Amino acid sequence: MAGLPLSELDQPLGQAKRARASKPYGRWLSRGLASVLIVIFAGLALYAALKRDPHGGEPIATAVIRERAPATDIAQAPPQPARPEERRGPASASQLETDSGVTVVRPGSEAPGAIVITVPDDGTVKLAPAPDKRLVERTRHGILPKVGPDGATPAQVYARPLGPAPAAKPAGRIAILVGGLGISQSSTSEAITRLPGPVSLAFAPYGAELEKTVQRARSEGHEVFLQVPMEPFDYPDNDPGPHTLLTGPKGSDNLDRLQWVLGRFTGYVGIVNFLGGRLTADDTALTPLLREVAGRGLMVVDDGSSPRSLLASVAARAQIPALKADLALDAVARAEAIDRELQRLETLARDQGAAVATASALPVTVERIARWARTLEGKNLVIVPVSAARGFRNPSTTGSLR
């Protein structure tokens, strides 16, 4: 059947025409073109969307800003009385003082020429910062205390405030001065941490980092004193340390030695003797030293270790705030002996109105004082700082306080 196309079955084997193979670069070109077109269309769609919403779909809020009325319009507008629930703050300065408990003394009243603001105590006793720039003098021995140009003294400014008055009048007040601090860091830290804030602390002039340690003690509420080494009867076999104040011809450099000791740290209320049986019995040696102490506005404490001591009496004669301790708590450093002395101290406080004791920063002493202090509230007794003890002395009694 000529002229008719042959089916695949009718074609001779091996003689069928091969289909023309497509070129691979043509497929790649078409796919690339399609990808480019997709990107172009996606970009156009995104542009159109952003054109309609410049925030790209992020949440937005619209605030209406209106033009502020001129000040004159506000001033001319009649005042609108506030509803009771809308009133804020007191109506006047006096009302503010009444509501807050703050007292303001203005010029022309009790303190002419000054404004004195008294803030009510929240129960936390804080000491004044030290050093106070009014009360310091720079010397070759360091920063020494002095009386301020306004008459303020270190004995006044650096003392621990008494704080809120007790609800009931105490049966007696007790002051304790714990000395020997600053030498052993562990003992010093234990005393600062464990003893109640009203217990006063005395630092020797020989410790390391004394300024830092003293400021830590003050931040914990303890007022501080400086222990001054003084010549004992058995000197030099019993040597208080370098720069000891001496009697007789050896004491010609005492003022220089005293100033060296006074420059060891700042923020102390006054001085207390360290040993000194011979020096404190010598009026001639004491007088120029205490004259220097008086000029620097310091308090003097006699630790009571020597029955022949004239320290407190000569200081009082020089018009220096001074007192002499009634007893030493740990002359015998055993727990039962310390407890007996604490009982004696309670009796003296009731009899005299106030009693003063000294102690060393021995671990057993610190532990017994801390334990005993927790019992005082039930006995109607309170601990006061040494600087305040003089003010609570019963005038009709005799004793060690000056």
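At the start of helix H8 (residues 283-295), a side-chain oxygen of Asp282 reaches to within 3.0 Å of the backbone nitrogen of Thr284. That makes a polar contact, meaning a pair of N or O atoms within 3.5 Å; within protein, one must be able to donate a hydrogen and the other to accept it, and residues adjacent in sequence count only if both atoms are side-chain atoms. Keep in mind that this is a predicted model: local features need pLDDT of at least 70, side-chain atom pairs count only at pLDDT 80 or more, and totals for chains, interfaces and linings use all residues. Residues are numbered from 1 along each chain as its sequence is written, and side-chain values use heavy atoms, with hydrogens and water left out.

**Helix H8**
- Helices (H or I, at least four residues) and strands (E, at least two) are DSSP runs, numbered from the N terminus.
- Ala285, Leu286, Leu289, Leu290, Glu292 and Val293 of H8 are buried (under 20% relative accessible area, with exposed over 50% and partly exposed in between; 1.4 Å probe, protein chains only).
- Those buried residues pack against H7, strand E8 (270-275), strand E9 (299-302) and helix H9 (311-317), where contact means heavy atoms within 4.5 Å.
- Just after H8 comes Gly297, with a positive phi of about 70°.

**Helices H5 and H11**
- H5 (residues 185-194) and H11 (residues 363-373) pack at about 5°, with axes 10 Å apart; axes are lines fitted to C-alpha atoms, for helices over the stretch in contact, and angles run from 0 to 180 degrees between N-to-C directions.
- The two helices are therefore roughly parallel (under 35 degrees; over 145 is roughly antiparallel, 65 to 115 roughly perpendicular and the rest oblique).
- H5 brings Glu190, Ala191 and Arg194 to the contact, while H11 brings Val366, Glu367 and Ala370.
- In H11, eight of the eleven residues are buried, including Ile369 and Trp372.
- Cover for the buried residues of H11 comes from several elements, among them H5, helix H10 (335-352) and strand E12 (354-360).

**Thr244**
- You'll find Thr244 in the loop between strand E7 (224-230) and helix H7 (254-262).
- Thr244 is buried, at 3% relative accessible area.
- Its side chain reaches the backbone oxygen of Gly241 at 2.5 Å.
- Leaving out residues up to four places away in sequence, Thr244 touches several others, among them Pro229, Tyr235 and Arg257.
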